[in-house]
Amino acid sequence: MAKRILVVDDDEMVLMAVYELLNPEGYEVECMSRASEALKKLEDQALYDLLILDIIMPEMDGFQLCMRTREMDRYKEVPIVFLTAKSREEDKAQGIKAGANLFLSKPISPESLLSIVSDTLG
């Protein structure tokens, strides 16, 4: 069964690029542009093997989405990766404190992202 990945970013170009990179590798990729929409999907019992989140989004930022996701029993151990333009040490620390496993700064090479996803999912 294909590993399921949820990507949440308000930049449609980023969503398209990540989808086009991961989908041909056999991953089942679902993309959403709003954190609130993603949270509803996660609360409605959707199961994913990996979440890739942006931080800067309208309505709810990625830190809030990460913290709320970690409150759900089924997502306590699921890897969460921030992929974001924010790259200050304070942002990284806040991301890890929110419950993320990794904090990646944009831009990132496609090869690096593929490698990280593959290593994270085993």
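Contact here means heavy atoms within 4.5 Å, and helices (H or I, at least four residues) and strands (E, at least two) are DSSP runs numbered from the N terminus. The model is predicted: local features need pLDDT of at least 70, side-chain atom pairs count only at pLDDT 80 or more, and totals for chains, interfaces and linings use all residues. Residues are numbered from 1 along each chain as its sequence is written, and side-chain values use heavy atoms, with hydrogens and water left out.

**View 1. Contact of helices α2 and α3.** In α2, Ala35, Ala38, Leu39, Leu42 and Glu43 meet Leu65, Arg68 and Thr69 of α3. These residues comprise five nonpolar, one polar and two charged (Ala, Val, Leu, Ile, Met, Phe, Trp, Tyr, Cys and Pro count as nonpolar, Asp, Glu, Lys and Arg as charged, and the others, Gly among them, as polar). The axes of α2 (residues 35-43) and α3 (residues 62-70) come within 10 Å and cross at roughly 10 degrees; axes are lines fitted to C-alpha atoms, for helices over the stretch in contact, and angles run from 0 to 180 degrees between N-to-C directions. The two helices are therefore roughly parallel (angles under 35 degrees).

**View 2. Contact of helices α1 and α5.** Val18, Leu21 and Leu22 of α1 meet Pro110, Leu113, Leu114 and Val117 of α5. By class, this contact has seven nonpolar, no polar and no charged residues. The axes of α1 (residues 12-22) and α5 (residues 110-121) cross at roughly 65 degrees and come within 11 Å.

**View 3. Surroundings of aspartate 54.** Aspartate 54 lies in the loop between β3 (50-53) and α3. Not counting residues up to four places away in sequence, aspartate 54 touches Val8, Asp9, Asp10, Gly62, Phe82, Leu83, Thr84, Ala85 and Lys106.

Technical notes
Angles under 35 degrees count as roughly parallel, over 145 as roughly antiparallel, 65 to 115 as roughly perpendicular and the rest as oblique.
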